[in-house]
Amino acid sequence: MNLKRHSSEWADSEVGSVNLGAVDVGSRFPQHYEADADIKGPNSQYRPTFNPETPSGSYAHLTVRAGDVDGPRTNLGNTSVVMALLSEAWLFNMIVILGGTYLKAFKFGDLQGYQDYELWNTACWWKLGLLMPLPYTLICFFGIALPFRTPKLLNFENVKKRRLDNLYILTVTKGDNREAVHRAWNAHKHLERMHPAVRVHVLTDEPYFFDGINCYTCPKSFSTAHSKYKARALEWYRQTMRFTEFDWVLHLDEESVIDDESVKRIIDFIHYEKDFHFGQGIILYNQYKYWSNWFFTVADALRVGDDISRFALQYTYFHRPIFGAHGSFLLNNGLVENAVTWDLGSLTEDYQFAMKAWDFGFRCGKICGIIREQSPLDLVGFMKQRRRWYVGVRRLPMLLPKIWTFFWSLGLLSLASFVTSLILGFKFKMGTPRWMAALTDFNFVTFLYLYIVGVFLQDLDKKVNPFLMLARIIITVPLTIVASFMEGASVFYGIIFPPSDFDVIKK
């Protein structure tokens, strides 16, 4: 049986109707694959080995026929409202950031000791580090102040759709967290009934295999030239599935959940955004244990702000992964998967994959959808996560990643300058030249706004009571200082104790 279920009768613009038929518990289909005994390595061919307990077809359809009505939906969100707001908010964003900078630097500058009678003084030396984030804040400002393009005004009538045979919604996990695996499967299994091309799969490493779900387990015998762990499993999956240009893969982490509306928007992206072969959308961190730890919730709010600013600029206007890519909510066409492959030797295989795709000439676009994840549970996990990102990106052999991690490192200098300015400011009563004050205030206002918008959007997505939402925004303001020092400590941790291998954090 051909697991991919291609049909030559499908229309060139759309998949045709697929008759799944009755589930035959007497027939079998492959769940495990292993390399031929005589052929190992990245170019090996695979033959199926059959699991005698696995019925044919997808378990997502089997559970419905067996009378399981899925239970309460856990992949809920407010995607339409969030995306509609973002599409109209760009002018407001510009006014708030520029207006806030103007008020702080010019209207209330005298209260903070800003002065216009000298361009430089001794205090400028220890305040110079406060200018270091300027490249990042300028990029984020242009990203959030330019129109946030959505397809709402585009007319797709009479536009021929790009052919779609299979959309694999793939949750990638080691498999040792059984609760997370079943949580992801139960959140997504009904998506196969939305569209005949959708397939919901879970990818694990041997020995972790799960009965009753569409589970694919990468065997221990499989090896590649460079990749390990997640990238190794993804390379095995790629070779096993044998993608074509009409196949697409949506990569999700084990805690990632995507809602129905976002899947529809992904299908629209595939059908109509014909210039792009991979893309990403917005990631929120409000799916599980949201606000259970205030510090980590606020720290990850900056990542949301980063998605709607810096990464929005990348995917909406540059269409090249100048700033890299996330490993979750990464939608790839089969051509990209087969050209780049996952045989990558990096701690940040997602970033490396996107850069190699760019080298091959593939372009990326923005998906107007949302997935939801959760923040780390403890400080050790938080710091290990950030350390892996920092060190992994810095070790990539390309120029751009090294430039970005250089500016990332300068954040430590900025924090040191902030602390020094507070301490020495009590002893040396010297004003700050207005030009320097305006630039540092621009950095401050931009960072604060990204944090606040990140919290606001996540609360809006969760349909939080407006009064509670306001209280959380107020709480966010002082917590941004703590979050900044947590981020800086993670970079310092990566510089002093770089990881020798991949860290798996508890979520």
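## Model confidence

Residues 1–56 have a pLDDT that stays under 50, and the model has 134 contacts beyond four places in sequence for them. A further stretch, residues 65–69, also has pLDDT below 50; beyond near neighbours in sequence, residues 65–69 have six contacts in the model.

The structure is a predicted model. Over the chain, the mean pLDDT is 87, and 85% of the residues reach 70 or more.

## Nonpolar cores

The largest nonpolar core holds 70 residues. Leu-167, Ile-266 and Leu-331 are the residues with the most contacts inside this core. Helix H15, residues 434–461, supplies the largest share of the core, with nine residues.

Leaving out residues up to four places away in sequence, Leu-167 touches Ala-197, Val-198, Arg-199, Trp-248, Ile-266, Ile-267, Ile-270 and Leu-331. Another core, of 32 residues, lies apart from the largest one. Leu-170, Trp-236, Tyr-237 and Val-336 are among its residues.

## Packing of helices H2 and H8

Two packed helices are described by the angle between their axes and the distance between the axes. For helix H2 (residues 79–88) and helix H8 (residues 260–272), the angle is about 60 degrees and the axes are 8 Å apart. H2 and H8 are therefore oblique to each other.

On the H2 side, the residues that meet H8 are Thr-79, Ser-80 and Met-83. Their partners in H8 are Glu-261, Ser-262 and Arg-265. By class, the contact of H2 with H8 consists of three polar residues, two charged residues and one nonpolar residue.

Key:
Residues are numbered from 1 along each chain as its sequence is written. This is a predicted model: local features need pLDDT of at least 70, side-chain atom pairs count only at pLDDT 80 or more; totals for chains, interfaces and linings use all residues. Side-chain values use heavy atoms; hydrogens and water are left out. Axes are lines fitted to C-alpha atoms, for helices over the stretch in contact, and angles run from 0 to 180 degrees between N-to-C directions. Helices (H or I, at least four residues) and strands (E, at least two) are DSSP runs, numbered from the N terminus. Angles under 35 degrees count as roughly parallel, over 145 as roughly antiparallel, 65 to 115 as roughly perpendicular and the rest as oblique. Contact means heavy atoms within 4.5 Å. Ala, Val, Leu, Ile, Met, Phe, Trp, Tyr, Cys and Pro count as nonpolar, Asp, Glu, Lys and Arg as charged, and the others, Gly among them, as polar. A nonpolar core is a set of buried Ala, Val, Leu, Ile, Met, Phe, Trp, Tyr and Cys residues joined through side-chain atoms within 4.5 Å. Buried means under 20% relative accessible area, exposed over 50%, partly exposed in between (1.4 Å probe, protein chains only). pLDDT is the predictor's confidence in each residue, from 0 to 100.
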